[in-house]
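Please keep the sequence and the 3D view open while reading.

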Amino acid sequence: MCTHDHDSLPAPDASLARRSVIAGAAALAGIGLLPASAAAAPAPVAGRPVAPGYHGNAQTPPPLIVEGGTIVDPVTGDAIEDGVVVLEGGRIAAVGDRASTRRAVAAVAGRATVVDATGRFVVPGLVDAHVHANALEDARLILSHGATTVRSGSSSFYQDVALAALPEWAPGLSPRMHAAGLFVSPELGDSVLADPALAPLAALSDGVHDPKDLAHLTKNNIKRGASVIKTRANPRAGLAEQDPLELVYDQEQLSAVVAAAKGAGVLCHAYSAEGIAGAVRAGVRSIEHGVYVDEATLADMAVRGTAFTPTLAGLASMADSADPVLAERGRAYTPVLQEAVRAAVAAGVDVIAGTDSFGTDVMPIGTEARSLAEAGLSPLQALRSVTTTPARLLGVERTVGRLVRGGVADVVLLDANPLADAAALERVSGVIAQGVVVRDDA
């Protein structure tokens, strides 16, 4: 939906990026927002990466055992009752029934914290494929709803790049962030101040349109640490004064962004059939929103492996806006987008959950999963839309999106069975991120 005014900014030298951006993010968010889990950080572990110019080592949390719950596998749809998950060294050491995990449990006995998951359902950490996190409080709220891995839809001053560095140093403070850096968009606004390298773009009277300028901004994002790139084909639906069906960037311009991204997945904000089709032909990795996607483009997306992130719940919420233009868009676009989701599934296109949350206005990722189920996904497909499918899009499917040995130490506890009802993904009662308990309502 992108209702927010968050066009992009610039960046310093890569050697300075981590230090300067983390400092900036901390200043914006306020150091007092650190949770108790971060304040009581475990002892440094020798041999772990060291930040440039910093004297300490990265942190590894102590072992955790999650036991007694029903473990759900999003790949097979199978479930293990009275299951056990052993987390050690920021990874999953063992997962299975009591018998198969006995040796791993014994290996950490006396050192591990035990989380009682009896009566609850145990799933991998969830993935939100479209967020705008600019501060520590944003990250905390995203985590609290179970999204332990996220893909940024851009930030204003490279805060998402800084957030991406935090899990290594302060486990449990931020989700695993796939940062986009600045929005590759015509109007940068104050984001042009994010990096001196972007100063030349401030002189462009008509904004960033030339393919060479688009490439410059994209390459600067990559230099600053972005692992994905966010651009657009159309204006925002959430701003009444804009027409979301006008064309902002055509296929040639979007192709320049894709080429400059050099393999970093490009996510493209698009609403109109023309804009979506051009973005797909340009080679973007996913279409965001995509209300008026047509059957021919869906067929092309299926062949190319282009994913679809409809941000359905966020768009539908516009119907409640006090602005009559936005309310009408919400009412008109929602059924069209629901049909687009059904058509995408039928065409074999990967449908991925993303909330388009911005700042502290955080929508639970489970709400988007439920909305996708209401549009036609089965409960298992909805579960995959927040686990295995986005993990595959991000290239982390071996360690994220499924509870397997060697996977990341991210676990979510639910109060209801997600295989029976996708709404169960909204009933989060426990979150473990990077091996740290950030929430347990038991």
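The largest cavity is lined by Ile92, Pro124, Gly125, Thr148, Thr399, Val400, Gly401, Arg402, Leu403, Val408 and Asp410. On a 1 Å grid over the protein atoms alone, a cavity is a set of points where a 1.4 Å probe fits but cannot get out, and lining residues have an atom within 4 Å of a point. The model is a predicted one, in which local features need pLDDT of at least 70 and side-chain atom pairs count only at pLDDT 80 or more, while totals for chains, interfaces and linings use all residues. Residues are numbered from 1 along each chain as its sequence is written, and side-chain values use heavy atoms, with hydrogens and water left out.

A search of the whole structure finds one cavity of 30 Å³ or more, and the largest cavity holds about 40 Å³ of space, a volume being the space filled by probe spheres set on the grid points. Its lining has five nonpolar, four polar and two charged residues, where Ala, Val, Leu, Ile, Met, Phe, Trp, Tyr, Cys and Pro count as nonpolar, Asp, Glu, Lys and Arg as charged, and the others, Gly among them, as polar.

The table gives the helix pairs, with helices taken as DSSP runs (H or I, at least four residues) numbered from the N terminus, and with axes fitted to C-alpha atoms over the stretch in contact, their angles running from 0 to 180 degrees between N-to-C directions.

| Pair | Axes come within | Crossing angle |
|---|---|---|
| H6 (residues 211-223) and H7 | 8 Å | roughly 30° |
| H7 (residues 251-261) and H8 (residues 273-282) | 8 Å | roughly 40° |
| H8 and H9 (residues 295-304) | 10 Å | roughly 20° |

H6 and H7 are therefore roughly parallel to each other, since angles under 35 degrees count as roughly parallel, over 145 as roughly antiparallel, 65 to 115 as roughly perpendicular and the rest as oblique. In their contact (heavy atoms within 4.5 Å), Pro211, Leu214, Ala215, Thr218, Lys219 and Ile222 of H6 meet Glu252, Gln253, Ala256, Val257, Ala260 and Ala261 of H7. That contact has eight nonpolar, two polar and two charged residues.

H7 and H8, by contrast, are oblique to each other. Here Gln251, Leu254, Ser255 and Val258 in H7 meet Gly278, Ala279, Arg281 and Ala282 in H8, and these residues divide into four nonpolar, three polar and one charged.

Definitions and conventions: On a 1 Å grid over the protein atoms alone, a cavity is a set of points where a 1.4 Å probe fits but cannot get out, and a pocket is an open set with protein on both sides within 12 Å along at least five of seven lines; lining residues have an atom within 4 Å of a point. Helices (H or I, at least four residues) and strands (E, at least two) are DSSP runs, numbered from the N terminus.
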